[in-house]
Amino acid sequence: MSKVAYARKNKYQPNISQFLAVCARNYMHIQRWLTLEPSEGKHWQVDGEFGQLDVRLLENTKYTQLVEISRCAGGHALVSTPKVSVRIYHDAKLAEVLTSQQIYQLRPVYDYPNMHMHHRDEKYQVNAFLEELLKIDNLTKFIC
């Protein structure tokens, strides 16, 4: 097999429908506890059976909101607190992770291997992680 043919065969193709489905499910989770009176800087907590989320509204516009979501990991020194910034698109009914931990701008696809050892589908993985983070109670059975 030639080098070009091998490269084409192994090129990663993101699954857009799978990605949009996870973003839609995240939007449904977030809608349950999003404040009805949004104001920038507002901070609140969401309690559930499996933990507590700290939420802060960073930006509020007519069709989008930017929130920071973190989950306390119990204050252990070895476990870092998961924290993500999420853009909520009310017109499209989607919630997408913009930043996560040390990644300040997620690319749709990463070459692999890369210097930071991100997965090829790092953006999808981070959004799937947000879905797991939002499952703090038993009301998490959404089908998109």
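## A walk through the chain

Let's start at one end and read along the sequence: the elements follow the pattern α-α-β-β-β-β-β-α. In total, that gives three helices and five strands. Keep in mind as you look around that this is a predicted model.

Now for the chain as a whole. It has 144 residues, and 40% of them count as buried. The accessible surface comes to about 9,500 Å², with 54% of that area belonging to carbon and sulfur atoms. Sequence distance is worth a look too: if you take the contacts between residues at least 6 apart in sequence, 45% of them join residues at least 24 apart.

Find helix α2, residues 16-31, and then helix α3, residues 122-134. Their axes lie 9 Å apart, and the two helices pack at an angle of about 30°. Angles under 35 degrees count as roughly parallel, so α2 is described as roughly parallel to α3. Where α2 passes α3, the crossing is left-handed.

Which residues of α2 and α3 meet? On the α2 side you will find Gln18, Phe19, Val22, Cys23, Arg25, Asn26, His29 and Ile30. Facing them from α3 are Lys123, Tyr124, Asn127, Ala128, Leu130, Glu131 and Leu134. Sorted by class, this contact contains eight nonpolar, four polar and three charged residues.

Next, move to a strand. Glu68 sits in strand β3, which covers residues 64-71. Is Glu68 buried or exposed? Its relative accessible area is 17%, and buried means under 20%, so Glu68 counts as buried. What does Glu68 touch there? Setting aside residues up to four places away in sequence, Glu68 touches Asp54, Val55, Arg56 and Leu58, as well as Lys83, Val84 and Ser85.

For a contrast, look for Gln105, in the loop between β5 (94-100) and α3. Gln105 has a relative accessible area of 67%. The cut-off for exposed is over 50%, so Gln105 is exposed. Gln105 still has partners: apart from its neighbours within four places in sequence, Gln105 is in contact with Leu98 and Tyr110.

Gln105 and Lys123 are 18 residues apart in sequence, and their C-alpha atoms are 9.5 Å apart in space.

How values were computed
Residues numbered from 1 in each chain as written. Predicted model: local features only at pLDDT ≥ 70, side-chain atom pairs only at ≥ 80, totals over all residues. Heavy atoms only, no water. Axes fitted to C-alpha atoms, helices over the stretch in contact; angles between N-to-C directions. Helix = DSSP H or I, 4+ residues; strand = E, 2+ residues; numbered from the N terminus. Parallel < 35°, antiparallel > 145°, perpendicular 65-115°, else oblique. Left-handed = near helix turned anticlockwise from the far one by under 90°. Contact = heavy atoms within 4.5 Å. Nonpolar A, V, L, I, M, F, W, Y, C, P; charged D, E, K, R; others polar. Buried < 20%, exposed > 50% of the residue type's maximum accessible area, 1.4 Å probe, protein only. Areas by Shrake-Rupley, 256 points an atom, 1.4 Å probe, with all protein chains shown as cover.
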